[in-house]
Protein chains: 2
Amino acid sequence: MGLHYAARLVSLVVIGSIAFDSVRTPFGERERMLGGSAVHFSLAASFFTDTRVVGPVGDDFGDAEYEVLRERGVDTSDIERVEGGKTFFWAGEYGYDVNARETLDTQLGVFGDFDPKLSDESRAADMLFLGNIQPDLQREVRRQCDRAELVGLDSMNLWIDTTRESLLAAIREVDLLFLNDAEIRELMEEPNLVRAARRVMELGPRAVVAKQGEYGAALYTGERFFSLPAYPLETVVDPTGAGDCFAGGFMGYLASRGEGAAADDEELRRAMTYGSVLASFNVEEFGTDRVRRLERDEIDRRYDEFREITAISTAPVR
Amino acid sequence: MGLHYAARLVSLVVIGSIAFDSVRTPFGERERMLGGSAVHFSLAASFFTDTRVVGPVGDDFGDAEYEVLRERGVDTSDIERVEGGKTFFWAGEYGYDVNARETLDTQLGVFGDFDPKLSDESRAADMLFLGNIQPDLQREVRRQCDRAELVGLDSMNLWIDTTRESLLAAIREVDLLFLNDAEIRELMEEPNLVRAARRVMELGPRAVVAKQGEYGAALYTGERFFSLPAYPLETVVDPTGAGDCFAGGFMGYLASRGEGAAADDEELRRAMTYGSVLASFNVEEFGTDRVRRLERDEIDRRYDEFREITAISTAPVR
């Protein structure tokens, strides 16, 4: 990241899962919807900047799926289509308490032996987001994108439990870590989130975003702290992909602000807010349905609502 | 509550437990500290307004305990001292995850057959806080304080589980409900907090404060919503009484602003913030230790910090 804050637009690449998701919730059930971390991320980021997706799909991934991404201007040329392969598949169920989800099925498909080879365009990216996949794959992509000036990484408890050292190595090589608060605690073996986040920053990242589900998200940057609630929704239809949309809105907004934005705390707070806006829309309907038909002015209205629901007046003169 | 916002100071009465607490945490262990909901509440409120405590103690409650309250200007003349009786006793343990606590012992003592008889001064209170005690006792005190123009109530899952109808009846008669978010959901049998809070308001209260522990608190008032994070602390030594200090700071601040303040959304948000400030200090040390030596300028500095950690700038011009 340069020392000067220039308004040059930067390019954003995301690697992550491209998936079919089957989801059951108290509000209904859907089979084989387009999903995956890279899909949710890139659709959210597409409202702010040009975004390229990297990841493998099988030959069950058809024109309809490509079209969802292309409609939003997402560059799909680095999606690797494996003939005879099956696209990653996930099935899960949510109860009335949307914070508890149960995985019913996971089929890696073409992700099982994915060996990422990025195009020259993707390798030249200024910003890179490493979605939630096996940490060694994240490191390999990070290595290929060695010109990226700002790199974000998301992960999950599965990798903390099974490949902790690889995950720690991957985290050492990135600038921003996105993780659930419980996962940050588990990863750092430190029950206090403030201290756990500080330990993450000692590894390398300059900022830590603690995702807190229905409680929103918190941002740790050196000595500063910022917290944002989730948007108050009466109905959360499908929470799948909320964290990816959050990261997509966050990174997409930063990319739109050009080189240097990530060094500006006010911009990081705006990025948190745009991320939360995108996540809040995403959960209102199944899969990508709501974000697909989202309009930019809806995003901006909800941004202003976030300012309203968090505003504290100065104390009265005593 | 009057229709006009007058700056007349109002009187605040709290009924709740006055207790000895034994607490074990990863940071140490303390025996028979002064505690209880009415104690924590009144110490917190005392920074803003004159506060009277109502509740029973045994003859094990000595001058040293009275002195803690009187040092902060709390009126103890309605504390009923039962000769031969034992003060309410609670023992509990917290793990490194401060959100999970285990009750090791509860001895009701003089609370077992407490029959509240308020003095004329307490009956004339403008504002009343019904701390977490058996709901029928709360109703009896509410009946005696029938001139109170603003009444807040706190409760807990024990009363939801054992005396739900009494608790609902008590809630119908108050203006503000303070409850943990999980308890609000359980009470209203509605997993979505926004809807559960709305249902509480259909019962009678004009506002609902959802306490969320380490995630802060949310305020529901009719169509408006406000959310505030907890203050980011690296060490939470003893979480006991945090909710009571929150309510004490909240109600005490409102009382200091005079009749009508509770009808003003900006004042309610300030009350949320002062409540969070008091709660955050309380948990920094065991029992009442930190709040006892707290200074008003520390409160005001932390209020300003809350404004800082929640501030979102306007979106950049697009």
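Two strands are said to pair if DSSP finds at least two bridges between them, and in this predicted model that criterion places V14(A) opposite V53(A) in strand 4 of chain A. The strand that carries V14(A), strand 1 (residues 12-15) of chain A, is covered on both faces, with buried L12(A) and V14(A) on one side and buried V13(A) and I15(A) on the other. Strand 1 of chain A is joined by four bridges to strand 4 (residues 51-58) of chain A, the two running parallel. Strand 1 of chain A also pairs in the parallel sense with strand 8 (residues 127-130) of chain A, again over four bridges, and within strand 8 of chain A the bridge partner of L12(A) is M127(A).

Around this strand, the secondary structure of chain A comes to twelve helices and 13 strands. Its radius of gyration is 18 Å, close to the 20 Å that the globule rule gives for 318 residues, so chain A is as compact as a globular protein of that length. The C-alpha trace of chain A spans about 70 × 45 × 40 Å along its principal axes, and 61% of its 318 residues are buried. Of the contacts in chain A between residues at least 6 apart in sequence, 65% join residues at least 24 apart, while the chain exposes about 12,300 Å², of which carbon and sulfur atoms supply 46%.

Turning to chain B, one finds an open sheet of four strands in the order 3-2-6-7, with mixed pairing. Its edges are strand 3 (28-35) and strand 7 (101-107) of chain B, each of which pairs on one side only, and the twist averages 15 degrees from one strand to the next. Strand 7 of chain B runs antiparallel to strand 6 (residues 88-94) of chain B, to which six bridges join it, and E93(B) stands opposite E102(B) in strand 7 of chain B.

Elsewhere in chain B, helix 6 (residues 164-172) has S166(B), L167(B), L168(B), A169(B), A170(B) and I171(B) buried. The buried residues of this helix pack against several elements of chain B, including helix 4 (135-144), strand 9 (150-154), helix 5 (157-162) and helix 8 (193-203).

What relates the two chains? A rotation of 180 degrees with 0.0 Å of shift along its axis superposes chain B on chain A, with an RMSD of 0.0 Å, which is the relation of a two-fold axis. Of the interface residues of chain B, 96% are also interface residues in chain A, so the copies meet through the same surface.

How values were computed: Residues numbered from 1 in each chain as written. Chains lettered and ligands numbered in written order. Predicted model: local features only at pLDDT ≥ 70, side-chain atom pairs only at ≥ 80, totals over all residues. Heavy atoms only, no water. Buried < 20%, exposed > 50% of the residue type's maximum accessible area, 1.4 Å probe, protein only. Contact = heavy atoms within 4.5 Å. Least-squares fit on C-alpha atoms with pLDDT ≥ 70 in both. Axes fitted to C-alpha atoms, helices over the stretch in contact; angles between N-to-C directions. Rg over C-alpha atoms; globule rule 2.2 N^0.38 Å. Areas by Shrake-Rupley, 256 points an atom, 1.4 Å probe, with all protein chains shown as cover.
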